[in-house]
Amino acid sequence: MKETNKDKASCDLDVAQDDWDQIVCRCEEVTKGEIIKAINDGATTIEEIKRKTRAGMGLCQSKTCFRAIQRILAEVSGQPVAAVLPYTSRPPVRPISIGILSSLMEEEDD
Amino acid sequence: MATDVVVIGGGIVGASCAYYLSKEGIKVHLLEKGSLGCGASKAGMMHVVSWEEPEIHLKLAKASKKLYQELNLELSSPIEFRQTGSIAIIEKPEQVETFKATFDRLRSWGLNCKFLTPRELIEMEPNITPDIAGGVFFGDDAQVNPLYTTLALASDARKMGAIIDTFNEVIGFEFNNADHSVSAVLTKRDRIPAGAVIIASGAWSHAVGNLAGLNIPVEPRKGVLAVTVPVPEGIINSQIILTAGYMESVNSGSNSSLSVAANIQRAVNGNLVLGTTRQMVGFDREVDPYVMANVLKRCLRFFPVIAEISVIRTWAGFRPYTPDLLPIISPVESMEGVYVATGHEGIGITEGPITGKLITQMITGQDLEFPLDDVSLKRFEK
């Protein structure tokens, strides 16, 4: 969803707003503005940002956008970047086909 | 303004309680030890089930779906509620008679369902294996995004004045000496005086109950799920497909043996969610790759076409299991002001809204929509 100038103004944050249309999570097409709005709406962790915006939930599972989101959260909430915990990592590390994953199990009737 | 009611738990049940109480003008303080929906509400599938028996489940489910239809219109943010229906696949010819009996019973309750021959099912789902014995279409079933629902309920409750207090864990209760009615909840950060407390802590309810000296017989029942990349419509046409043996899996024993039932659902943005398992192994969050493989193998059995689709994420969650598979929606008779709203096992998403509404009716002294003896806490005292 496109941010309107009105929405931006209502967020009342001391950060530059000219790059709010920039896509941060490319898999799920989440903009910087949407992430800042989620933080403004109460998200204090990367997991909460993910659940509100879907950022980091796509094909790459946040491997591309994690550092950008971490930096935005640190900047907006005023904490050091190192204090922002990463996403909970969920297997598989890379996408794997259902066929291959299911073959981990020996053939047997169930 | 003092708090009237403390809700312990920020999942779909706690958020529903906070929402319906706030609508009655009651001052709510919701406590969540993690983030909103971080337990079973974010870990489950998306199915609003119409057909789970016995009668009390059918009643709760019917009333809850009506609430979902209202919530879909009245909540400020989208919850992805859709009247999708669902399909239960009958795998083997010898299961047909059993399911005809179940089917007839559900029809007599007024459920909209239709028996499908293998040919009819294949017409609906051209990619299904022909090696099936038939199916049932449940027209009353629906789909919803449980996490969005939880967040939307909590957010709208907050707009009505509720305090949504996350990352704050309960460590104790205080009671009035005179009548043993509840007077306050103690957390890691503060003491919150309250006239009433709702324990809506899902699989963690037993531990929370212990803090008040209350035995809530709920145990975690683990399930694992996988989500795929978004897939186009047409690979699977229905949004919710499961095996007709699903209920046997739900009803199987409480030991640690693994029970698996194929359940395939397609989210609004196209991702497939594949499940599911039931296992009593405590709060172990690890996804065992062999258990996951077992689930995927069952799903592949019915839709060989999905073999090439990629899984991007797997995870585990904990259903709040009770010994009789019925929830607890109940006042605590020995502790005035304490209420329990948990134990929905795998259908907390279905029954979340009605649970919040019923607890609100109890606290405000309104007439209940229907009798709740079957889901009382005191049934376990016998």
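Two strands pair if DSSP finds at least two bridges between them. With that in hand, we can read this predicted model. In chain B, B:Ala226 stands opposite B:Thr314 of strand β17(B). That spot belongs to an open sheet of 9 strands, drawn from chain A as well as chain B. The two chains bury about 2,700 Å² between them.

- At the edges sit β3 (96-97) of chain A and β5 (113-116) of chain B, and each of them pairs on one side only.
- Strand β13 of chain B covers residues 219-230, and strand β17 of chain B covers residues 310-321.
- These two strands run antiparallel, joined by 10 bridges.

**Helices on the sheet**

- Helix α9 (residues 289-302) of chain B packs on the sheet.
- Its contacts there are β4, β13, β14 (240-243), β15 (259-266), β16 (271-278) and β17 of chain B.
- The direction of α9(B) makes about 120° with that of β16(B).
- Helix α4 (residues 96-108) of chain B lies across β4 (86-90), β5 and β6 (134-138) of chain B.
- Relative to β5(B), helix α4(B) runs at about 160°.

**Two domains in chain B**

- Domain 1 of chain B is made of three stretches, 5-77 + 145-218 + 324-381.
- Domain 2 of chain B is made of two, 86-139 + 219-321.
- Taken over C-alpha atoms, the centres of the two domains are 28 Å apart.
- Across the boundary, 25 residues of domain 1 are in contact with 34 residues of domain 2.
- The two domains of chain B bury about 2,500 Å² between them, with 67% of that area on carbon and sulfur atoms.
- B:Met45, B:Trp51 and B:Glu345 supply 30% of the area that domain 1 buries against domain 2, more than any other three residues.

- Helix α1 of chain B spans residues 12-23 and has 12 residues.
- From first C-alpha to last, α1(B) reaches 16 Å, close to the 16 Å expected.
- How many residues of α1(B) are buried? The count is 11 of 12, and the helix is mostly covered.
- The buried residues of α1(B) include B:Ile12, B:Cys17, B:Tyr19, B:Tyr20 and B:Leu21.
- After α1(B) comes B:Gly25, with a positive phi near 80°.

**Where the chains meet**

- In this interface, 34 residues of chain B are in contact with 28 residues of chain A.
- Of the area buried between chain B and chain A, 56% is on carbon and sulfur atoms.
- Which three residues supply more than any others of the area that chain B buries against chain A? They are B:Lys297, B:Ile312 and B:Arg313, with 24%.

**Chain A**

- Chain A has 5 helices and 3 strands.
- From the N terminus on, its elements run α-β-β-α-α-α-β-α.
- Of the 110 residues in chain A, 43% are buried.
- Among contacts in chain A between residues at least 6 apart in sequence, 49% join residues at least 24 apart.
- In helix α2 (residues 32-40) of chain A, the buried residues are A:Lys32, A:Gly33, A:Ile35, A:Ile36, A:Ala38 and A:Ile39.
- What covers them includes β1 (23-25), β2 (30-31), α3 (46-53) and α4 (66-77) of chain A.
- Helix α2(A) is followed by A:Gly42, whose phi is positive, near 115°.

How values were computed. Residues numbered from 1 in each chain as written. Chains lettered and ligands numbered in written order. Predicted model: local features only at pLDDT ≥ 70, side-chain atom pairs only at ≥ 80, totals over all residues. Heavy atoms only, no water. Helix = DSSP H or I, 4+ residues; strand = E, 2+ residues; numbered from the N terminus. Contact = heavy atoms within 4.5 Å. Axes fitted to C-alpha atoms, helices over the stretch in contact; angles between N-to-C directions. Expected span 1.5 Å × (residues − 1). Buried < 20%, exposed > 50% of the residue type's maximum accessible area, 1.4 Å probe, protein only. Domains from an automatic or database assignment. Buried area = accessible area lost by both parts, 1.4 Å probe.
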